[in-house]
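Please look over the structure shown below before reading on. The report that follows takes up its parts one after another.

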Protein chains: 2
Amino acid sequence: MAMQQAEQGHVLIGQSGGPTAVINASLVGAIHEAQRLDAVQGIYGALNGIEGALHRRIIDLRRESAATIDALLHTPSAALGSCRYKLQPDDPARVVDLCRELNIRYFLYIGGNDSADTAHQIAQAAAEMHYELRVIGIPKTIDNDLPITDHCPGYGSAARFIAAATQDSARCTEAMPSHYPVKIIEVMGRYAGWLAGAAALGKRTPDDAPHLIYVPERPFDPAQFLSAVRATVRRLGYCVVIVAEHLADASGKQIGEDQAQGKDAFGHTLVEGVAQTLTRMVNKELGLRARFDKPGDMQRMSTALISRTDREEAYQVGRMAMRYAVRGVTGKMVTLVRAAGPRYACETGLADLAAIANSQKLLPPAYLDAAGTGMTPAFLEYARPLIGDPLPQHAMLRGELI
Amino acid sequence: MAMQQAEQGHVLIGQSGGPTAVINASLVGAIHEAQRLDAVQGIYGALNGIEGALHRRIIDLRRESAATIDALLHTPSAALGSCRYKLQPDDPARVVDLCRELNIRYFLYIGGNDSADTAHQIAQAAAEMHYELRVIGIPKTIDNDLPITDHCPGYGSAARFIAAATQDSARCTEAMPSHYPVKIIEVMGRYAGWLAGAAALGKRTPDDAPHLIYVPERPFDPAQFLSAVRATVRRLGYCVVIVAEHLADASGKQIGEDQAQGKDAFGHTLVEGVAQTLTRMVNKELGLRARFDKPGDMQRMSTALISRTDREEAYQVGRMAMRYAVRGVTGKMVTLVRAAGPRYACETGLADLAAIANSQKLLPPAYLDAAGTGMTPAFLEYARPLIGDPLPQHAMLRGELI
């Protein structure tokens, strides 16, 4: 793109949506780059994302020590606080008014699909209001469901957690098949199966766990599920099943929806989790003892299982967002572009925020096997470099009987 | 103890009960020591604990490579397979018959309370049958509920997982209080609160998560729980609660018991998990959105969060068990004895298997605060050295408003 005269002013950075283990690395990348650039004066952080911009809860990131900023590289979750806030009609103009008043010329917003929509609306409002504000989205989501970008910072670390924890936890079921032969592990990922699929990254042989993976991209068939679990237990003595947090049957009914959980204080129906529903189903219908692991937020927050590649890329997209903004780019999200060739490498690119906003990228059919319950080599090749260092290899005894 | 003439013969080693992240380190310690000792000829492993001894599923551990044995130090779960099997009346004699037939003179059994009972019964049967068999128990349980020993190998690593994962996961709730202000984390530990209490090891200030810890040692009062959660949310904006997997109210009724989960194929009532029950309770009664994390077997299997201290101690109790057995000791379990003094150190000792069998050590009152929902400095001082290296410190922004 053409270099433009850098606009002198402050930068405002916000974090939005579900936090990840490396969302702060993007913040640090943006701060480090801002510190380097003459065009950037104040480096401000909006507390709890756009809510902070709307309620003037803005902090001065130049007042933080270099040691604190560096330590954020190893600190999971959003250091500025995050939010899930749907913009009201006059909110974008309010944000632009604030920027004008404070001489904020750069607005960097770290988030997923909804956050890209927020950033897009603010970019539009600034254009309509003739205020020169450069708005750049920085991708972040463990769900890996943003279009255009090769993958999303945050995904690699969550994928590493799920791959490692599945490998570890499955050994427990394998060691005691007569006790609990069936284990179900519930994995996040919204309406995409990217993270559920990552559970397969620890498999070394076809009989290794996980044996069945159920992703939102395919309708869930309870009869097929029960029959596949029973067949696996008959064949191997145990069965480890990965289920995505959102599964629906062919009619579109969400699994767990018909459980009588009552309503919350606002009258919303309480939906039971997928893992709970399916664990009970296995107990009741198959007479096989089943348990579930539901790591919940642990899977996206684990300091111990951060992927180095993911952290480095999260840093880079933050850094590049600041650089692009000063070059005059606006209304774009930074993307990761995988280089061709045998060795994994990524560069950054740009995509229109409008094309990212409220859109989602699902697993392509080529990443799921014919049965729809296993991942193909193409998926494993795609995902393996994202989790960083190779997973630890468990030792297996040869087990020669005397 | 007096040194006795070492009996020439083979050693049989078994693993039993819920696996841990370091149960294999005890196996490796025993193998390494056996390899060193002239009195020990064959080094045998019973597959799936006592079930392997009863069904002659016994492997030759001298046929495994040194590299495989060493790699077991970093491999969670029971490499020999485990079991939960209650001895039938003629089982102990069958095991002794097998030992006599194969010239097994040493029987080492790695496990918790129930496994100590199994080992005790076999030691008794050997004495009654006038077969010289040295039976030694090697302690293992994430529950940390064995009496006499200072603590149990396996606990330190599970405690490290729970402390780190709580610290990490809580940051997610803290970052987005308007989304889900209440998080409940369900922790294992059978009928003791040792592991639930370990969640407090990551706290740096009194207001850090976890804010409330519910352990089995105290009757659970739903009204107190709801009121404490509401008060914490009012004060801090969010609340992270640790709940042990078994909680009962003052009348002894288990939390989750009255949920209509139906029966399994054997007619056993399906009990809902504590976290699920309490999450729904918070949603319904307080109108606060709540979620739960239930790491399940992940908490006892995590390779990434093994405590180095725990692994080293697990290795030592395995090594010492073999050494004690060759010295003529029988009917004992190896214990860990904490040395007095400012620096943490443990030696090994011995306790009667009969005193360990089917007994459990609960949290002493001095380890719980007055409200019964927080851990005292005495507990933290006890537990901190067991989790090994210090936990990573999260960075916190000063957050000076502009």
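Against which elements of chain A do the buried residues of helix 5 of chain A pack? In this predicted model, they pack against helix 2 (50-54), helix 4 (91-102), strand 4 (104-111), strand 5 (134-139), strand 10 (332-338) and helix 12 (353-356) of chain A.

## Helix 5 of chain A

Helix 5 of chain A covers residues 113-128, and its 16 residues reach 23 Å from the first C-alpha to the last, which is close to the 22 Å expected at 1.5 Å a residue. The helix is mostly covered, with 12 of its 16 residues buried; among them are N113(A), D117(A), H120(A) and Q121(A), as well as A116(A), A119(A) and A123(A). After helix 5 of chain A comes H130(A), whose phi is positive, near 55°.

## Domains of chain A

Chain A is divided into two domains, each made of two stretches of the chain: domain 1 takes in 9-154 and 304-356, whereas domain 2 takes in 157-303 and 363-385. The centres of domain 1 and domain 2 of chain A, taken over C-alpha atoms, are separated by 32 Å. To the contact between them, domain 1 of chain A gives 20 residues and domain 2 of chain A gives 16 residues. On the side of domain 1 of chain A that touches domain 2 of chain A there are 9 nonpolar, 8 polar and 3 charged residues.

## Helix 1 of chain B

Turning to chain B, helix 1 (residues 23-36) has 14 residues and reaches 21 Å from its first C-alpha to its last, close to the 20 Å expected at 1.5 Å a residue. Because 11 of the 14 residues of helix 1 of chain B are buried, this helix is largely enclosed by the rest of the structure. The buried residues include I23(B), L27(B), V28(B) and I31(B), and also N24(B), S26(B) and E33(B). They pack against strand 1 (9-15), strand 2 (40-46), helix 3 (66-71), strand 4 (104-111), strand 5 (134-139) and helix 11 (308-326) of chain B.

## A parallel sheet in chain B

Chain B also holds an open sheet of 4 strands in the order 7-8-6-9, with parallel pairing. Strand 7 (212-214) and strand 9 (290-293) of chain B stand at the edges with a single partner strand each, so one side of each is left without a neighbour in the sheet. From one strand to the next, the twist averages 20°. Strand 6 (residues 182-187) and strand 9 of chain B pair in the parallel sense over 4 bridges, and I185(B) has D293(B), in strand 9 of chain B, as its bridge partner.

Helix 8 (residues 222-236) of chain B packs on this sheet, where it touches strand 6, strand 7 and strand 8 (239-244) of chain B, and its direction makes about 150° with that of strand 8. Helix 9 (residues 274-286) of chain B lies across strand 6, strand 8 and strand 9 of chain B, and runs at about 170° to strand 9.

## Where the chains meet

Between the two chains, 66 residues of chain B are in contact with 66 residues of chain A. On the side of chain B that touches chain A, the elements that give two or more residues are strand 3 (58-60), helix 3, helix 6 (155-175), helix 9, strand 9 and helix 10 (298-301) of chain B. The largest share of that side, 7 residues, comes from helix 6 of chain B. By class, the side of chain B that touches chain A has 29 nonpolar, 19 polar and 18 charged residues.

Key. Residues numbered from 1 in each chain as written. Chains lettered and ligands numbered in written order. Predicted model: local features only at pLDDT ≥ 70, side-chain atom pairs only at ≥ 80, totals over all residues. Pairing = 2+ DSSP bridges. Axes fitted to C-alpha atoms, helices over the stretch in contact; angles between N-to-C directions. Contact = placed C-beta atoms within 7 Å. Domains from an automatic or database assignment. Nonpolar A, V, L, I, M, F, W, Y, C, P; charged D, E, K, R; others polar. Expected span 1.5 Å × (residues − 1). Buried ≥ 20, exposed ≤ 12 C-beta atoms within 10 Å, placed from the backbone.
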